[in-house]
Amino acid sequence: MSTTDAPPLISSRNFYYITMLRDPVSRYLSEWKHVQRGATWKTSLHMCDGRSPTPDELPTCYPGDDWSGVSLREFMDCGSNLANNRQVRMLADLSLVGCYNLTFMNESERNTILLQSAKNNLKNMAFFGLTEFQRKTQFLFERTFNLQFISPFTQFNITRASNVEINEGARRRIEQLNFLDVQLYEYAKDLFQQRYHHTKQLEHQRDRQKRREERRLQREHRAHRWPKGDGASEGAVTEDYNSQVWEW
């Protein structure tokens, strides 16, 4: 076999971007607890437009190897903390705002562009789910990709973040620090419910069409099983029955 006849090493495939979103306050608290236990993202390059941010563009929040034992107040007080508005930043096209260069444009314009970019990218994804709607997320995933999970998703409402008791002031501060994520999440919930109800409606329509088709086939099957004879038509049977009733 010549080299020109050899099959391609990589077959053509379809790739889909998918993601899961979480309530911003719960997600923020969960990341804080994760960092508090010693987790870091030091190996993350944060590449944007072909380069990583400079130390001036992305200063670190702690001097040591990790941020173990950090309090919630310390976590919130770091202005360069990447936990702030993480979901918007991960979904948006950072190159539109000069990546991590905060002097590229004013803050208000930057935030507007980031949020809109995140919304657009989320809307264009084939699928996204919400952690607070596990069953609906499973339904949409299975219908979108024509796959079936072997067991239903379980809705866990008890997490490390849910066990953290914070006062109303701390909650408001977290919402302020993640105000872009809060807006994105509200948009995501509305879009998610639209997709869910639309998919449900299409499924009901297909089920109704399937039932109508099954009834049609049953009628045709019965007609073939009991064909009308030449001398025993339905009209003759009815006439004979009526005559017997009247004679009686």
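There are 9 salt bridges in this structure, and the model they come from is a predicted one.

- R143 and E203 pair up through their side chains, with N to O at 2.6 Å.
- The R143 end is partly exposed, at 34% relative accessibility.
- The E203 end is buried: its relative accessible area is 16%, and the cut-off for buried is under 20%.

**Within helix α7: K189 and E186**
- The side chains of K189 and E186 form a salt bridge too, at 3.4 Å from N to O.
- Both residues belong to helix α7 and are 3 residues apart, or about one turn of the helix.
- K189 is partly exposed with a relative accessible area of 24%, and E186 is partly exposed at 46% relative accessibility.

**Within helix α7: E220 and R216**
- E220 and R216 make another salt bridge, where the closest N and O atoms are 2.4 Å apart.
- The two are 4 residues apart in helix α7, so about one helical turn separates them.
- E220 counts as partly exposed at 36% relative accessibility, and R216 counts as partly exposed at 30%.

**A network**
- Salt bridges also link R27, E31 and R86 into a network.

Note on methods:
Residues are numbered from 1 along each chain as its sequence is written. This is a predicted model: local features need pLDDT of at least 70, side-chain atom pairs count only at pLDDT 80 or more; totals for chains, interfaces and linings use all residues. Side-chain values use heavy atoms; hydrogens and water are left out. A salt bridge is a side-chain nitrogen of Lys or Arg within 4 Å of a carboxyl oxygen of Asp or Glu. Buried means under 20% relative accessible area, exposed over 50%, partly exposed in between (1.4 Å probe, protein chains only).
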